[in-house]
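The entries follow the order in which I looked things up.

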Amino acid sequence: MSIKTLGDLIRIKRYEKLLTRWELAQKMGIATATIRAWEGSIRWPDSQQLEVLSSVLGFGATDFETHNKNPLNCPKTHMHVVNMGCRQ
């Protein structure tokens, strides 16, 4: 599985940890639908959620920025959180 988006990275790291979406959501105190939206690149985690993801999935927050190459333009509402490599 290739990593093309932040969602791909979250999904791959979740699989490596043998976590279901429900289990990851429980660890983070968020809804399962939120995990699904992140993995589908529909929504992005905020900076606090990125820190928790980094801790739970076992890698640095900079890995999210490094691996996310969103082929589409990101909504401007998400660009203030972290530069996700979006084209303007």
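Entry 1. I note at the outset that the model is predicted.

Entry 2. I looked up the packing of helix α1 (residues 6-16) against helix α3 (residues 32-39) and found an angle of about 120°, with the axes 7 Å apart. I therefore recorded α1 and α3 as oblique to each other. On the α1 side I listed G7, D8, I10, R11 and R14 as contact residues, and on the α3 side I35, W38 and E39. Sorted by class, this contact holds 3 nonpolar, 1 polar and 4 charged residues.

Entry 3. I then turned to salt bridges, of which the structure holds 4. One of them joins the side chains of R11 and D8, at 2.6 Å from N to O. Both residues belong to helix α1 and sit 3 residues apart, about one turn of the helix. I found R11 and D8 both buried.

Entry 4. E16 and K13 also pair through their side chains, at 3.4 Å from N to O. They too lie in α1, 3 residues apart. I recorded E16 as exposed, at a relative accessible area of 52%, and K13 as partly exposed, at 21%.

Entry 5. Which residue forms a salt bridge with R21? I identified E39, with the closest N and O atoms 2.8 Å apart. R21 lies in helix α2 (residues 21-28) and E39 in helix α3, so the pair ties together parts 18 residues apart in sequence. Salt bridges with shared partners join R14, R21 and E39 into one network. I recorded R21 as partly exposed, at 28% relative accessibility, and E39 as buried, at 3%.

Methods. Residues are numbered from 1 along each chain as its sequence is written. This is a predicted model: local features need pLDDT of at least 70, side-chain atom pairs count only at pLDDT 80 or more; totals for chains, interfaces and linings use all residues. Side-chain values use heavy atoms; hydrogens and water are left out. Axes are lines fitted to C-alpha atoms, for helices over the stretch in contact, and angles run from 0 to 180 degrees between N-to-C directions. Helices (H or I, at least four residues) and strands (E, at least two) are DSSP runs, numbered from the N terminus. Angles under 35 degrees count as roughly parallel, over 145 as roughly antiparallel, 65 to 115 as roughly perpendicular and the rest as oblique. Contact means heavy atoms within 4.5 Å. Ala, Val, Leu, Ile, Met, Phe, Trp, Tyr, Cys and Pro count as nonpolar, Asp, Glu, Lys and Arg as charged, and the others, Gly among them, as polar. Buried means under 20% relative accessible area, exposed over 50%, partly exposed in between (1.4 Å probe, protein chains only).
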